Amino acid sequence: MTGQVKEDILSRFGELGVFVNKGVLYFNPCLLRKDEFTTKDRKFHYVTINKEHMTFAPEIGSLCFTFCQVPVIYRLAQKSSMEVLKKDGSKVHYDSLHLDTETSTHIFYRSGEIAKITVHIDQTILK
């Protein structure tokens, strides 16, 4: 990658509000605009850690991207919270937009333990 490409990627993660502090992944999407969220049906394609090509249809009013090959779905909501889907099908709910150290570590090391992160964003913080 060229320096410009790396800079563009890092800038976009900043715009998306993806941050790491003391080994913990957290989300603060205050630079996003509501018009960046889907308004019609679409397909989201990504490649898993196991090199599987996956596709799903996100809900209208969402925005999708991957971080360390884990799909992250932002959804507009009345209150900010998160839900982490693990590979075994279990879910962990967070009342904030900060993950814990263990979950963050699984994501950073691409262990495959984390299947998806859904971030519910209080829409009043968006432009």
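This is a predicted model: local features need pLDDT of at least 70, side-chain atom pairs count only at pLDDT 80 or more; totals for chains, interfaces and linings use all residues.

Q: Is Thr-38 buried or exposed?
A: Thr-38 counts as buried, because its relative accessibility is 17% and the cut-off for buried is under 20%.

Q: What does the side chain of Thr-38 reach?
A: The backbone oxygen of Glu-59, at 3.2 Å. Setting aside neighbours within four places in sequence, Thr-38 is in contact with Glu-59, Ile-60, Gly-61 and Ser-62.

Q: OK, zooming out. How many helices and strands are in the chain?
A: There are 2 helices and 9 strands. Along the sequence they follow the pattern α-β-β-β-β-β-β-β-β-α-β.

Q: And how much of the chain is buried?
A: Buried residues make up 35% of the 127 residues. As for contacts with a separation of 6 or more, 54% of them come from residues 24 or more positions apart.

Q: Let's do helix α2. Which residues are buried there?
A: Thr-103, Ser-104 and Ile-107, in a helix that covers residues 101–108.

Q: Why do they line one face of the helix?
A: Seen down the axis of α2, the buried residues fall within an arc of 100°, so they line one face. As background, an α-helix has 3.6 residues a turn, so residues three or four places apart point the same way.

Q: What do the buried residues of α2 pack against?
A: Strands: β2 (24–27), β5 (62–67), β6 (70–77), β7 (81–86), β8 (91–94) and β9.

Q: What about the ends of α2? Which residue caps the N-terminal end?
A: Asp-100 does, with a side-chain oxygen 3.1 Å from the backbone nitrogen of Glu-102. After α2 comes Arg-110, with a positive phi near 55°.

Q: Where else is phi positive in a residue other than glycine?
A: Lys-51 is one case, with phi near 65°, and Gln-69 also has phi near 65°. Lys-51 is in the loop between β3 and β4 (53–56), while Gln-69 is in the loop between β5 and β6.

Q: How do those two count for accessibility, exposed or partly exposed?
A: Lys-51 counts as exposed, because its relative accessibility is 70%. Gln-69 counts as partly exposed, at 28%.

Q: Switching to the largest pocket: which residues line it?
A: Gln-69 is among them.

Q: Now β9. Where is Thr-118, and is it buried or exposed?
A: Thr-118 is in strand β9, which spans residues 114–122. With a relative accessibility of 5%, Thr-118 counts as buried.

Q: What does Thr-118 touch?
A: Ile-73, Arg-75, Ser-81, Met-82 and Glu-83, leaving out residues up to four places away in sequence.

Q: Last one: which strand holds Phe-19, and what's its relative accessible area?
A: Phe-19 lies in β1 (residues 18–21). Its relative accessible area is 31%, so Phe-19 is partly exposed. The C-alpha atoms of Phe-19 and Pro-29 are separated by 9.7 Å, and the two residues are 10 apart along the chain.

Note on methods:
Residues are numbered from 1 along each chain as its sequence is written. Side-chain values use heavy atoms; hydrogens and water are left out. On a 1 Å grid over the protein atoms alone, a cavity is a set of points where a 1.4 Å probe fits but cannot get out, and a pocket is an open set with protein on both sides within 12 Å along at least five of seven lines; lining residues have an atom within 4 Å of a point. Helices (H or I, at least four residues) and strands (E, at least two) are DSSP runs, numbered from the N terminus. Buried means under 20% relative accessible area, exposed over 50%, partly exposed in between (1.4 Å probe, protein chains only). Contact means heavy atoms within 4.5 Å. The arc is that of the directions from the helix axis to the C-beta atoms. A polar contact is a pair of N or O atoms within 3.5 Å; within protein, one must be able to donate a hydrogen and the other to accept it, and residues adjacent in sequence count only if both atoms are side-chain atoms.
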